[in-house]
Amino acid sequence: MYQPELPAKLVLIMEHSHGGSSFLNTLGRWSRQDGNSQRDVLALNVLLLGDRQSGRSSVGNALIGGHEFQTGTCVCGVSMTTEYQALSRNFPQYFRRQGAESDLMLRVIDTPPLLPQTKSVHELCPEGVHVLVLVVRADLPHEHTHLEQCVESSFGPEWRLHTLLILTHADHLKKAGLHPSVYLAQTADWLGALASEVAGGVLFLDNSCDWPLIRGQPLRDRLLRLSARNHHRALKVRTEVSLGL
(Lines give C-alpha, C1' and ligand atoms only; values in the text may rest on other atoms or scores of the structure.)
Protein backbone atom coordinates (compact mmCIF):
# COMPACT_ATOMS: atom_id res chain seq x y z
CA MET A 1 0.00 0.00 0.00
CA TYR A 2 1.33 3.43 -0.94
CA GLN A 3 1.93 5.92 1.85
CA PRO A 4 2.93 9.26 0.26
CA GLU A 5 5.39 11.42 2.14
CA LEU A 6 6.58 14.99 1.71
CA PRO A 7 9.56 15.26 -0.65
CA ALA A 8 12.88 16.10 1.01
CA LYS A 9 14.75 17.17 -2.11
CA LEU A 10 13.83 18.25 -5.62
CA VAL A 11 15.91 17.83 -8.76
CA LEU A 12 14.62 19.46 -11.94
CA ILE A 13 15.50 18.46 -15.52
CA MET A 14 14.09 20.61 -18.33
CA GLU A 15 13.58 19.52 -21.93
CA HIS A 16 12.17 21.44 -24.89
CA SER A 17 11.29 20.48 -28.45
CA HIS A 18 9.22 21.57 -31.43
CA GLY A 19 8.26 17.92 -31.78
CA GLY A 20 10.87 16.74 -34.25
CA SER A 21 14.02 16.27 -32.18
CA SER A 22 14.84 13.43 -29.82
CA PHE A 23 14.46 13.82 -26.05
CA LEU A 24 16.54 12.76 -23.10
CA ASN A 25 15.92 9.17 -22.11
CA THR A 26 13.88 8.89 -18.96
CA LEU A 27 14.35 6.31 -16.25
CA GLY A 28 12.78 2.91 -16.59
CA ARG A 29 9.60 2.16 -14.71
CA TRP A 30 11.54 0.83 -11.73
CA SER A 31 15.25 1.39 -11.19
CA ARG A 32 17.76 1.50 -8.36
CA GLN A 33 19.26 4.76 -7.17
CA ASP A 34 23.05 4.76 -6.95
CA GLY A 35 24.63 5.35 -3.58
CA ASN A 36 24.37 3.88 -0.13
CA SER A 37 20.60 4.25 0.21
CA GLN A 38 19.77 1.96 -2.73
CA ARG A 39 16.18 3.20 -2.88
CA ASP A 40 13.78 2.13 -5.60
CA VAL A 41 12.82 4.84 -8.11
CA LEU A 42 9.45 4.76 -9.83
CA ALA A 43 9.50 6.84 -13.04
CA LEU A 44 6.15 7.86 -14.52
CA ASN A 45 5.42 9.71 -17.76
CA VAL A 46 2.47 12.12 -17.45
CA LEU A 47 0.94 13.72 -20.56
CA LEU A 48 -1.14 16.91 -20.27
CA LEU A 49 -3.87 17.43 -22.88
CA GLY A 50 -6.39 20.21 -23.36
CA ASP A 51 -7.43 23.24 -25.41
CA ARG A 52 -6.07 26.79 -25.34
CA GLN A 53 -6.15 28.43 -21.92
CA SER A 54 -7.53 25.28 -20.28
CA GLY A 55 -4.85 25.40 -17.58
CA ARG A 56 -2.56 22.57 -18.75
CA SER A 57 0.64 24.40 -17.87
CA SER A 58 -0.65 25.38 -14.43
CA VAL A 59 -1.51 21.75 -13.72
CA GLY A 60 2.01 20.82 -14.84
CA ASN A 61 3.48 23.36 -12.43
CA ALA A 62 1.42 21.88 -9.61
CA LEU A 63 2.70 18.38 -10.38
CA ILE A 64 6.38 19.36 -10.38
CA GLY A 65 6.00 21.82 -7.53
CA GLY A 66 7.29 24.92 -9.31
CA HIS A 67 6.54 27.56 -11.94
CA GLU A 68 8.72 26.36 -14.80
CA PHE A 69 5.90 25.75 -17.29
CA GLN A 70 4.98 29.05 -18.93
CA THR A 71 1.52 30.34 -18.07
CA GLY A 72 -0.41 33.47 -18.85
CA THR A 73 -3.29 34.96 -20.81
CA CYS A 74 -3.32 34.27 -24.53
CA VAL A 75 -3.40 37.10 -27.07
CA CYS A 76 -5.95 36.86 -29.89
CA GLY A 77 -6.54 33.19 -29.20
CA VAL A 78 -2.84 32.25 -29.35
CA SER A 79 -1.80 29.69 -26.74
CA MET A 80 1.15 30.32 -24.43
CA THR A 81 2.31 26.75 -25.12
CA THR A 82 3.41 26.41 -28.75
CA GLU A 83 5.83 23.49 -28.45
CA TYR A 84 6.22 20.31 -26.47
CA GLN A 85 7.95 20.82 -23.14
CA ALA A 86 8.96 18.10 -20.70
CA LEU A 87 10.01 18.64 -17.08
CA SER A 88 11.32 15.83 -14.89
CA ARG A 89 11.42 16.05 -11.13
CA ASN A 90 12.52 13.55 -8.52
CA PHE A 91 10.72 13.38 -5.17
CA PRO A 92 12.94 11.34 -2.82
CA GLN A 93 11.32 9.03 -0.26
CA TYR A 94 7.89 9.95 -1.58
CA PHE A 95 6.14 6.69 -0.75
CA ARG A 96 6.70 3.26 0.73
CA ARG A 97 6.66 0.07 -1.32
CA GLN A 98 6.90 -3.32 0.35
CA GLY A 99 8.12 -1.63 3.52
CA ALA A 100 10.93 0.31 1.84
CA GLU A 101 11.14 4.00 0.98
CA SER A 102 10.89 4.72 -2.74
CA ASP A 103 11.50 7.81 -4.87
CA LEU A 104 8.96 9.15 -7.34
CA MET A 105 10.31 10.54 -10.62
CA LEU A 106 7.62 12.44 -12.50
CA ARG A 107 8.21 13.36 -16.13
CA VAL A 108 5.47 15.80 -17.08
CA ILE A 109 4.92 16.64 -20.76
CA ASP A 110 2.99 19.78 -21.66
CA THR A 111 1.58 19.83 -25.19
CA PRO A 112 0.33 22.48 -27.60
CA PRO A 113 -3.48 22.70 -27.69
CA LEU A 114 -5.79 20.55 -29.77
CA LEU A 115 -4.81 17.20 -31.28
CA PRO A 116 -1.43 15.86 -30.06
CA GLN A 117 1.03 14.73 -32.73
CA THR A 118 1.37 11.01 -32.11
CA LYS A 119 4.84 10.88 -33.65
CA SER A 120 6.08 13.59 -31.29
CA VAL A 121 4.50 11.91 -28.26
CA HIS A 122 6.12 8.62 -29.27
CA GLU A 123 9.52 10.33 -29.54
CA LEU A 124 8.98 11.87 -26.12
CA CYS A 125 7.82 8.65 -24.51
CA PRO A 126 8.88 5.61 -26.55
CA GLU A 127 8.11 3.45 -23.53
CA GLY A 128 4.59 4.89 -23.34
CA VAL A 129 2.53 7.20 -21.11
CA HIS A 130 1.54 6.08 -17.62
CA VAL A 131 -1.06 8.77 -16.89
CA LEU A 132 -3.08 11.02 -19.20
CA VAL A 133 -4.32 14.25 -17.64
CA LEU A 134 -7.22 15.87 -19.50
CA VAL A 135 -7.63 19.52 -18.53
CA VAL A 136 -10.98 21.21 -19.22
CA ARG A 137 -12.31 24.58 -18.15
CA ALA A 138 -15.41 24.08 -16.01
CA ASP A 139 -16.79 27.43 -17.19
CA LEU A 140 -16.34 26.58 -20.90
CA PRO A 141 -17.25 22.88 -21.25
CA HIS A 142 -18.69 23.25 -24.76
CA GLU A 143 -15.31 24.28 -26.22
CA HIS A 144 -13.70 20.88 -25.61
CA THR A 145 -16.15 18.47 -27.27
CA HIS A 146 -13.51 17.04 -29.63
CA LEU A 147 -11.04 16.12 -26.90
CA GLU A 148 -12.33 12.62 -26.17
CA GLN A 149 -12.26 11.56 -29.82
CA CYS A 150 -8.73 12.88 -30.26
CA VAL A 151 -7.43 10.94 -27.28
CA GLU A 152 -9.05 7.71 -28.42
CA SER A 153 -7.54 8.00 -31.89
CA SER A 154 -4.10 8.55 -30.35
CA PHE A 155 -4.13 5.92 -27.58
CA GLY A 156 -6.86 3.41 -28.33
CA PRO A 157 -9.86 2.32 -26.23
CA GLU A 158 -7.87 1.65 -23.02
CA TRP A 159 -7.01 5.32 -22.52
CA ARG A 160 -9.81 5.80 -19.96
CA LEU A 161 -8.04 3.39 -17.59
CA HIS A 162 -5.04 5.72 -17.49
CA THR A 163 -6.85 9.06 -17.37
CA LEU A 164 -7.50 11.72 -14.76
CA LEU A 165 -9.91 14.57 -15.58
CA ILE A 166 -9.14 17.99 -14.11
CA LEU A 167 -11.70 20.79 -14.29
CA THR A 168 -10.12 24.21 -13.82
CA HIS A 169 -11.82 27.55 -13.05
CA ALA A 170 -14.04 25.78 -10.53
CA ASP A 171 -14.35 29.12 -8.70
CA HIS A 172 -17.06 29.98 -11.25
CA LEU A 173 -19.11 27.09 -9.90
CA LYS A 174 -18.73 28.38 -6.36
CA LYS A 175 -19.92 31.84 -7.43
CA ALA A 176 -22.94 30.25 -9.12
CA GLY A 177 -23.70 28.18 -6.01
CA LEU A 178 -23.22 24.89 -7.88
CA HIS A 179 -21.93 21.84 -6.02
CA PRO A 180 -19.50 19.76 -8.17
CA SER A 181 -21.91 16.81 -8.26
CA VAL A 182 -24.75 19.07 -9.40
CA TYR A 183 -22.49 20.61 -12.03
CA LEU A 184 -21.54 17.21 -13.44
CA ALA A 185 -25.20 16.21 -13.58
CA GLN A 186 -26.14 19.38 -15.49
CA THR A 187 -23.08 19.93 -17.67
CA ALA A 188 -22.60 18.98 -21.32
CA ASP A 189 -23.45 15.33 -21.98
CA TRP A 190 -19.97 14.43 -23.22
CA LEU A 191 -18.28 15.87 -20.13
CA GLY A 192 -20.64 14.22 -17.67
CA ALA A 193 -20.13 10.86 -19.39
CA LEU A 194 -16.36 11.33 -19.47
CA ALA A 195 -16.26 12.15 -15.76
CA SER A 196 -17.98 8.85 -14.96
CA GLU A 197 -15.77 6.79 -17.29
CA VAL A 198 -12.18 7.82 -16.52
CA ALA A 199 -10.50 5.60 -13.91
CA GLY A 200 -8.69 8.48 -12.21
CA GLY A 201 -11.87 10.37 -11.44
CA VAL A 202 -12.33 14.14 -11.44
CA LEU A 203 -10.56 16.95 -9.62
CA PHE A 204 -11.94 20.50 -9.43
CA LEU A 205 -9.39 23.30 -9.17
CA ASP A 206 -10.15 26.84 -8.03
CA ASN A 207 -8.27 29.42 -10.12
CA SER A 208 -8.97 32.22 -7.66
CA CYS A 209 -6.26 30.91 -5.30
CA ASP A 210 -2.66 29.74 -5.74
CA TRP A 211 -3.71 26.13 -6.26
CA PRO A 212 -0.54 25.04 -8.11
CA LEU A 213 1.23 25.25 -4.76
CA ILE A 214 -1.70 24.12 -2.63
CA ARG A 215 -2.82 21.13 -4.68
CA GLY A 216 0.55 19.79 -5.83
CA GLN A 217 0.83 16.84 -3.47
CA PRO A 218 -2.84 15.77 -3.74
CA LEU A 219 -2.43 15.75 -7.52
CA ARG A 220 0.73 13.67 -7.34
CA ASP A 221 -0.89 11.26 -4.89
CA ARG A 222 -3.87 10.83 -7.23
CA LEU A 223 -1.56 10.09 -10.17
CA LEU A 224 0.40 7.59 -8.13
CA ARG A 225 -2.75 5.71 -7.08
CA LEU A 226 -4.04 5.64 -10.66
CA SER A 227 -0.74 4.31 -12.01
CA ALA A 228 -0.60 1.69 -9.24
CA ARG A 229 -4.12 0.59 -10.19
CA ASN A 230 -2.72 -0.16 -13.67
CA HIS A 231 0.33 -1.89 -12.16
CA HIS A 232 2.41 1.00 -13.57
CA ARG A 233 1.84 -0.27 -17.09
CA ALA A 234 2.39 2.38 -19.78
CA LEU A 235 -0.14 3.23 -22.45
CA LYS A 236 1.40 3.13 -25.93
CA VAL A 237 0.70 5.89 -28.41
CA ARG A 238 -0.79 4.73 -31.71
CA THR A 239 1.47 5.73 -34.60
CA GLU A 240 1.29 4.84 -38.28
CA VAL A 241 3.97 2.23 -37.64
CA SER A 242 2.13 0.60 -34.73
CA LEU A 243 -1.09 0.57 -36.76
CA GLY A 244 0.70 -1.06 -39.69
CA LEU A 245 0.07 1.85 -42.08
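1. The model is predicted; local features need pLDDT of at least 70, side-chain atom pairs count only at pLDDT 80 or more, and totals for chains, interfaces and linings use all residues. Residues are numbered from 1 along each chain as its sequence is written, and side-chain values use heavy atoms, with hydrogens and water left out.

2. The protein chain averages a pLDDT (the predictor's confidence in each residue, from 0 to 100) of 78, and 73% of the residues score at least 70. Over residues 1-28 the pLDDT is below 50, yet this stretch has 79 contacts in the model beyond near neighbours in sequence; contact means heavy atoms within 4.5 Å.

3. Eight helices and eight strands make up the secondary structure of the protein chain. These are DSSP runs numbered from the N terminus: helices are H or I with at least four residues, strands E with at least two. Of the 245 residues, 51% are buried, that is, under 20% relative accessible area with a 1.4 Å probe, protein chains only.

4. The largest nonpolar core has 32 residues, of which L132, F155, W159, L165 and L167 touch the most other members. Such a core is a set of buried Ala, Val, Leu, Ile, Met, Phe, Trp, Tyr and Cys residues joined through side-chain atoms within 4.5 Å. Helix 6 gives the most to this core, with four residues. A second, separate core of 28 residues includes L42, F95, V135 and L226.

5. H232 lies in the segment after helix 8 (216-229). H232 counts as buried because its relative accessibility is 5%.

How values were computed: Buried < 20%, exposed > 50% of the residue type's maximum accessible area, 1.4 Å probe, protein only.
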